[in-house]
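Please open the structure in your viewer and keep the selection panel at hand. The tour goes from one selection to the next and says what is found at each stop.

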Amino acid sequence: MSEHAGRARFAAIIEADEKVEPRDWMPDEYRANLIRQMAQHAHSEVIGMQPEANWITRAPTLMRKAILIAKVQDEAGHGLYLYSAAETLGVSRDELQEMLHSGRQKYSSIFNYPTLSWADVGAIGWLVDGAAIVNQIVLQGTSYGPYSRAMVKICKEESFHARQGYSIMMALVEGSDEQKAMAQDAIDRWWWPALMMFGPHDAESSHSERSMAWKIKRIKNDDLRQMFVDQTVPQAHYLGLTIPDPDLEFDEETGHWRIGEIDWDEFWRTIKGDGPLNRERIAHKVKAWEDGRWVREAATEYARKQRARLGKSA
Ligand code: 3HC
C-alpha cells in the first residue's frame with residue numbers, strides 16, 4: 001500500500017473510531033508513541049510488584065497473605081500481557097527491558113515510594129489501583145487494537161485489586177486507635193503521589209495533544225485526575241480519614257472536588273530518577289532479570305531443539 005493510501009486509511013480508521021491492528025499501515029510517530037506508553041505501562045506493572053511484595057511475608061492473616069499473593073501475581077500477568085501487546089509493534093521484550101534498565105524508558109513514579117506499614121498495602125490497592133482503574137477503563141477505548149483488548153482483561157482484575165485494598169482500610173479504621181492512625185498515615189503518604197499517576201497538567205504534557213488526536217488517549221490527564229478525586233474523596237470520608245490537602249473544597253457549582261496544587265518539583269524529581277527508592281527498584285529489577293537469564297536461555301534452547309526434532313520428523 002502506498003504511503004498516501006496508508007495515511008488515508010489510517011485517518012479513516014481513527015475517524016471512524018475503529019481499531020488500528022498490527023498489520024495496518026501507521027505513522028512512525030504513532031508507533032513510537034504507542035511503544036513508549038505501552039512499555040511504560042508494562043514496566044509499571046512489573047516494578048509495581050516490589051512495594052506490595054515487601055508485605056507478603058508480613059501479612060497479618062493467611063487470608064490477607066493469599067489475597068496479596070494473588071494480586072501481585074496478577075500484576076506480573078498484566079506486565080507480560082502488555083509486553084506481548086507492545087511486541088506487535090515490532091519491538092522485542094529484551095529491547096524494552098534494556099531500555100528500562102538503562103533509564104531510557106520510565107515506569108510510573110508511584111512505585112518509587114516505600115511501603116512502611118501494612119496500611120500501605122491497603123492504600124496502594126485503594127488509591128493506586130483505584131487511579132489505575134480510572135485510567136485503564138478509559139484506555140479500553142484506545143485506538144490500537146492489541147492495547148485496547150489488553151485493557152479489557154486487565155480492568156477485570158483491577159477492580160478486585162482496588163476492592164481488597166479498600167477492605168484493608170475498612171478493617172484498620174474499624175480497629176484500634178493505632179490501626180486507624182496507621183490508615184491515616186498511609187493516606188497522608190500516598191494521596192499526592194497517586195494524583196501524580198495521571199501525569200502533568202495537560203498544558204505541560206508533551207504527548208497529550210497528539211495522543212488525543214490519534215485516540216491513543218481518550219481523556220486528558222487533568223480530567224482523568226478529576227474523575228479519580230471526585231470518586232475517592234467520598235470514600236475517604238466514609239472511612240473517617242482526612243485527605244491531606246488543606247485546600248480541598250467541594251465546588252457546589254461544578255459538582256467537583258477542588259484540590260490544592262500538586263508538588264510538581266517532587267513529580268519531575270521522581271520521574272527523573274531521584275525519588276525515594278528509584279535506585280533500589282531498578283537494582284532489584286535488573287538483578288531479577290539477570291538471575292532469570294538461565295531460565296530464558298534454557299527454555300529458548302529447548303524450544304529450538306524441539307523445532308529441530310519436529311522439523312526432522314515432519
Ligand atoms: N510516572 C512516570 N512518568 C510519567 C508519569 C508518571 N506518573 N506521568 C507522566 N509521565 C511522563 C510521561 O511518560 C512523559 O515522559 P516520556 O516522554 O519520557 O514518556 C512525560 O512524563 C510527560 O507526560 P505526558 O502526560 O505527556 O505523557 P503521556 O501522554 O504518556 O501520559 C500517562 C502519561 C497518563 C501515565 C499515560 O502514559 C498513560 O495513560 N499510561 C498508561 C497507564 C499507565 O502507565 N499507568 C501507570 C500505572 S500502571 C499501574 O498502576 C498498575 C496497577 O495494577 C497498580
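Helices (H or I, at least four residues) and strands (E, at least two) are DSSP runs, numbered from the N terminus. This is a predicted model, in which local features need pLDDT of at least 70 and side-chain atom pairs count only at pLDDT 80 or more, while totals for chains, interfaces and linings use all residues. Residues are numbered from 1 along each chain as its sequence is written, and side-chain values use heavy atoms, with hydrogens and water left out.

Begin with the second largest pocket, where a pocket is, on a 1 Å grid over the protein atoms alone, an open set of points where a 1.4 Å probe fits, with protein on both sides within 12 Å along at least five of seven lines, and where lining residues have an atom within 4 Å of a point. Select Val46, Met49, Lys285, Ala288 and Trp289, which lie nearest the centre of this pocket among its 16 lining residues. Helix α12 (278–291) is among the elements that supply at least two residues of this lining, and α12 gives the largest share, 4 residues. The volume of the second largest pocket is about 380 Å³, a volume being the space filled by probe spheres set on grid points that are joined across faces, edges and corners.

Of its 47 lining residues, select Gln40, Ser108, Asn135, Met197 and Gly199, the closest to the centre.

Now show the ligand, whose space is the largest pocket; a molecule sits in a pocket if more than half of its atoms lie within 2 Å of the grid points. Around the ligand are 30 residues, the closest being Glu75, Lys106, Glu158, Ser205 and His207, where a residue is near if one of its heavy atoms lies within 4 Å. Helix α2 (28–47) is one of the helices that each supply at least two residues of this shell, and the largest share, 6 residues, comes from α2.

Finally, display the polar contacts, each a pair of N or O atoms within 3.5 Å. An N or O atom in the side chain of His207 is 2.5 Å from an oxygen atom of the ligand, for Glu158 the corresponding distance to a ligand oxygen atom is 2.7 Å, and a polar side-chain atom of Asp129 lies 3.4 Å from an oxygen atom of the ligand. The protein covers 93% of the 1,000 Å² of accessible area that the ligand has on its own, with areas taken from the Shrake-Rupley method with a 1.4 Å probe.

How values were computed
A polar contact is a pair of N or O atoms within 3.5 Å; within protein, one must be able to donate a hydrogen and the other to accept it, and residues adjacent in sequence count only if both atoms are side-chain atoms.
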